Amino acid sequence: MSNHSSGNRNNRQGVSIPDFKRETDREYQYAKRPNRLELRQGGTRQEYQKRRREEEMEKRNVNRNRKSQSESQESYRRGRRQDSERVSTQKKNSSETNSGNKRHISKKKRNHKIFKNIMMVSMVCLAVIVGHLLGRVHAQVNQVLSQKKQSEIRLDEVVVDESQLDSDEKIINILLVGADKRESWSEAGRSDATMIATIDKKHKRLKLTSLMRDMYVDIPNHGKNKFNAAYSYGGISLLYQTIAYNFDLKIDGYVLVDFAAFTKVIKSLGGVKVELTEAEANYLIKAYKKGTETKVKPGMNNLNGKQALAYTRIRQDAEADFGRTARQRKVLQSLFTKMKTKSYSQLLELSKTVMQNITTDLSNEKIFSYMADVIKMGTTEIDQQRIPLNNTYSSERVSGMEVLIPDLAKNKEALWKFIFEYDGKEQ
């Protein structure tokens, strides 16, 4: 026994002794390998290996997906953090911007408020200055206007049928009467020139209409006679009644000027420029023979008061009284144009001369208002008309008088169109 055992021990010398640890690992590896029973149940080895590979691939895919999901989640969280940081930064920047904008807006508001306050103060100061100047001007003008002769006769108190008269609140009609009053006459004097001055605020026009003194018309309570006889029979009241009766026109006020005042006004202006025809110049030289009336020439003249008066009274030419009224309107146009070139102080001095030589029923406030209306228009041109119109009358001799018998219907219509509708473009 012992010998056998000893021999076996000798036989084992030189043979490697298995590493039990490695053997154990091997056994473990073999243990993982499928036994025949498993192979029999799962098919062939190749099928088993294929299935194992697929399982391994599936595990790797699952791990990869998990890793991808983990990375995605991490990326998502990182994005969220970045978004949060960006939003926070934007909020911070926005807050800073808003703060800056608020400061800017606040500064703009302050500046606007300061500017507004400055403007308000400036406007108040300007209003005070303008008000003071206007008050001063008004006081000066009122002082000058107070020198006029205020008439006791008012046109708004004259008995006329106003329901039949044409009027417009934007159109002012003032009756201008140049009285040829002479001391040798026992009567009031005949109206040598009768005109209607129109301030047309609707069309922004100034208009002047001459009423021919030789028109043969009805004079209320006096029968038919020459138009200018109305003034000598009943003064301004009857003259207005005659105009209302024959032409259905409402008059808003009147200004009566005698020839003495006419010459003084022109003298104060330094004369008026008027162009004379050769016939007109020759007539003045022959008719007056001496005096300044003879010192005229054909062409443009600067007429003094006496020359201008003589010029407006010429009626011995071919146009007779028609030429006379045309010359009267021409002188008034030149007079008005020259007045517009004068300074405020010069106009005040001129107005003193005018006011001292006129009689009117207009109040100071009315005159001041009409003056303001004319200044606002800014025009020196005067549209002119004459009644009766050409081809609307006949010349006849009645009761030893040379008269014009007008077609009242046509002339009434023409007067209405000129005063209320004429806008400077069509007539």
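Helices (DSSP H or I runs of at least four residues) and strands (DSSP E runs of at least two) are numbered from the N terminus, and by this assignment the protein chain has twelve helices and 13 strands. The model is a predicted one, in which local features need pLDDT of at least 70 and side-chain atom pairs count only at pLDDT 80 or more, whereas totals for chains, interfaces and linings use all residues. Residues are numbered from 1 along each chain as its sequence is written, and side-chain values use heavy atoms, with hydrogens and water left out.

**View 1. The protein chain as a whole, by burial and contacts.** Buried residues (under 20% relative accessible area, with exposed meaning over 50% and partly exposed in between, for a 1.4 Å probe and protein chains only) make up 34% of the 427 residues in the protein chain. Where contact means heavy atoms within 4.5 Å, residues 24 or more positions apart account for 70% of the contacts with a separation of 6 or more.

**View 2. The largest nonpolar core and the elements that supply it.** A nonpolar core is a set of buried Ala, Val, Leu, Ile, Met, Phe, Trp, Tyr and Cys residues joined through side-chain atoms within 4.5 Å. The largest such core has 36 residues, and Leu175, Met215, Leu239 and Ile419 are those with the most contacts inside it. At least two residues of this core come from each of strand E2 (171-180), strand E5 (216-219), helix H5 (229-247), strand E7 (253-258) and helix H12 (408-420), and H5 gives the most, with ten residues. Apart from neighbours within four places in sequence, methionine 215 is in contact with Asn225, Lys226, Phe227, Phe247, Ile387, Pro388, Leu404 and Pro406. A second, separate core of 21 residues includes Leu145, Ile199, Leu362 and Tyr370. In soluble globular proteins, nonpolar side chains tend to be buried together.

**View 3. Helix H5 and its kink at glycine 235.** The expected span of a helix is 1.5 Å times one less than its number of residues, and a straight helix of 19 residues would on that basis span 27 Å, whereas H5 spans only 17 Å between its end C-alpha atoms. H5 has a kink of about 135 degrees centred on glycine 235, where the bend at a residue is the angle between axes fitted to the seven residues ending there and the seven starting there. The helix is mostly covered, with 14 of its 19 residues buried, and just after H5 aspartate 248 takes a positive phi of about 55 degrees.

**View 4. Helix H11 and the glycine that follows.** Helix H11 (residues 364-377) has 14 residues and reaches 20 Å from its first C-alpha to its last, close to the 20 Å expected at 1.5 Å a residue. Its buried residues are Asn364, Ile367, Tyr370, Asp373, Val374 and Met377. Just after H11, glycine 378 takes a positive phi of about 65 degrees.

View 5. Lysine 207 lies in strand E4 (residues 205-211) and is buried, with a relative accessible area of 2%. The side chain of lysine 207 reaches the backbone oxygen of isoleucine 419 at 3.1 Å. Beyond its neighbours within four places in sequence, lysine 207 is in contact with residues including Ile196, Asp200, Asp383, Phe418 and Tyr422. Serine 210, also found in strand E4, counts as buried at 1% relative accessibility. Not counting residues up to four places away in sequence, serine 210 touches Thr194, Met195, Thr325, Arg329, Gln385, Arg386 and Ile387.

**View 6. Aromatic pairs and the surroundings of phenylalanine 420.** Rings of Phe, Tyr and Trp (its six-membered ring) pair if their centres lie within 6.5 Å, with planes under 30 degrees apart counted as stacked, over 60 as edge-to-face and the rest as tilted; by this rule there are two aromatic pairs. The rings of tryptophan 416 and phenylalanine 420 have centres 6.1 Å apart and planes at 35 degrees, so this pair is tilted. Both residues lie in helix H12, four residues apart, about one turn of the helix; tryptophan 416 is partly exposed, with a relative accessible area of 30%, whereas phenylalanine 420 counts as buried at 8% relative accessibility. The rings of phenylalanine 418 and tyrosine 422 have centres 5.7 Å apart and planes at 25 degrees, so that pair is stacked, and phenylalanine 418 and tyrosine 422 are both buried. Phenylalanine 420 and threonine 198 are 222 residues apart in sequence and 9.4 Å apart in space, C-alpha to C-alpha.

Note on methods. Polar contact = N/O pair within 3.5 Å; in protein donor to acceptor, adjacent residues only side chain to side chain.
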